[in-house]
Amino acid sequence: MIKKLGIPKEVKKDEGRISLIPQHITQFTGLADIFVETEAGLGSGFTDKDYEAAGAKIVTTARELYEVSEIICKVKEPQPEELEMLNSSHVLFGYLHLASNLSLTKTLLEKKLTGIATEMIMDGKEYPLLIPMSKIAGNLAVQKGMQFLEYSSQGKGVLLSSISGEKNSKVVVIGCGEVGKSSIHKSIQVGASVTAIDLNEDILKDLKNKYGENIRTLLSGTDEAISEIRSADLVVGAVLLPGRKPPTVITEEDIKYMEKGTVIIDVAIDQGGCVEGVSPNTHSDPFEIRNGVIVSAIANLPGAVPKTSSMELSTNLQNYVDNLLVENWFEEYKNNESLLPSLQIHKGLLLSEEVADSLSLTLSKLV
Ligand SMILES: NC(=O)c1ccc[n+]([C@@H]2O[C@H](COP(=O)([O-])OP(=O)(O)OC[C@H]3O[C@@H](n4cnc5c(N)ncnc54)[C@H](O)[C@@H]3O)[C@@H](O)[C@H]2O)c1
């Protein structure tokens with residue numbers, strides 16, 4: 001039987017992305033009826049007409065979309081008003097970040113729906129749906145950091161860019177994966193002095209080989225690393241333990257030592273954050289000031305540039321949609337090593353070990 005795939009308008013604050021763009025849905029029109037909520041693509045530059053021309057049917061309310069669709073293909077985790085429309089007949093397909101969200105996890109379990117966390121889909125050892133958003137987020141972390149360092153934001157009044165060839169600013173990046181590398185690259189490009197901190201010595205070696213004198217590399221947790229964090233102008237926290245809550249790498253004590261107007265960007269906030277005591281911000285209320293230090297933790301950084309982000313997201317997401325459109329999709333997911341880690345919730349069962357560990361919930365196994 002032909003599947004019904006619904007693409008809702010994102011309702012998370014300041015979120016303009018859409019999961020699939022028109023050019024990527026045409027391939028599914030013979031395999032599924034595709035429903036798109038009216039104006040869902042506007043933030044990313046796509047009109048209802050663009051979606052209709054690609055073969056989708058426009059529905060006028062979110063409620064109607066959730067009623068007619070079996071698969072809900074979205075970007076961010078469901079917000080309270082969306083949860084209310086989800087039920088046991090739905091397959092929810094999007095970034096879920098459950099390890100940091102006990103109440104969402106419990107609600108999805110109670111709803112007895114199937115929850116597929118797209119950030120956990122694997123290709124070999126990589127996470128193809130996290131990587132492009134991480135690259136964008138790493139870039140934006142520095143862009144936001146530059147803005148928050150301005151005097152009018154109560155920042156230090158430091159320009160990261162080098163003006164006369166001298167390096168007059170210091171950026172410290174903790175966690176040098178996809179986000180971290182993108183922040184490092186941008187910071188070096190503008191002429192800041194950059195320190196990279198990670199637990200993985202091979203990653204640090206590669207960075208040293210690539211950037212030479214332009215980078216200092218340090219192992220996480222060492223006295224030198226702590227001293228670098230405390231003396232930075234901008235600190236980017238970008239650590240990840242896949243599927244789990246991140247470790248705290250910037251403590252309350254570190255913040256006390258920092259100069260007033262220093263900026264910390266906690267990119268790991270989508271997984272719960274890596275700054276002690278951090279709570280989520282939004283693009284329109286982007287930071288809090290703690291002891292004179294600006295701490296910003298925006299869980300949907302790529303949402304700031306939805307045109308770019310939706311294009312990148314959709315390009316990658318389209319490769320994983322057709323697995324859901326076949327009759328025996330569940331069997332395929334169960335038996336596919338790349339897809340299985342993303343199948344986290346099913347009919348009241350919590351199937352992710354990482355989420356169960358992080359939230360102290362009972363892990364279930366599929367029989
Ligand atoms: N806020 C947003 O909008 C947004 C967007 C994309 C990604 N993210 C988040 O950013 C974080 C990083 O994502 P990524 O794709 O770069 O992950 P990644 O796996 O590519 O890199 C994470 C790095 O953290 C390092 N690490 C782990 N523990 C560490 C520790 N204690 N000290 C120092 N380094 C440590 C790992 O060795 C690894 O190099 C994740 O939490 C991800 O969910 C947030």
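1. Strands β1 (residues 3-7) and β4 (residues 71-73) run parallel and are joined by two bridges. Within this pairing, Gly-6 faces Ile-72 of β4. Keep in mind that the model is predicted. Strands of a sheet pair through backbone hydrogen bonds, in either a parallel or an antiparallel way.

2. Lys-4 and Asp-33 form a salt bridge, with N to O at 3.1 Å. Lys-4 lies in strand β1 and Asp-33 in strand β2 (residues 32-37). The two residues are 29 apart, so this pair links distant parts of the chain. The count of salt bridges in the model comes to 17. Side chains of opposite charge can pair when their charged atoms come close.

3. Now the overall layout. The protein divides into domain 1 (3-127 + 305-359) and domain 2 (137-299). Taken over C-alpha atoms, the domain centres are 31 Å apart. Domain 1 gives 15 residues to the contact, and domain 2 gives 12 residues.

4. How much area do domain 1 and domain 2 bury between them? The figure is about 1,200 Å². Carbon and sulfur atoms account for 53% of it.

5. The polar side of this interface deserves a look. Nine residue pairs are in polar contact between domain 1 and domain 2. One salt bridge is found across the interface.

6. A further salt bridge can be checked by eye. Asp-357 pairs with Arg-244, and their closest N and O atoms are 3.0 Å apart.

Definitions and conventions: Residues numbered from 1 in each chain as written. Predicted model: local features only at pLDDT ≥ 70, side-chain atom pairs only at ≥ 80, totals over all residues. Heavy atoms only, no water. Domains from an automatic or database assignment. Contact = heavy atoms within 4.5 Å. Buried area = accessible area lost by both parts, 1.4 Å probe. Salt bridge = Lys/Arg side-chain N within 4 Å of Asp/Glu carboxyl O. Polar contact = N/O pair within 3.5 Å; in protein donor to acceptor, adjacent residues only side chain to side chain. Pairing = 2+ DSSP bridges. Helix = DSSP H or I, 4+ residues; strand = E, 2+ residues; numbered from the N terminus.
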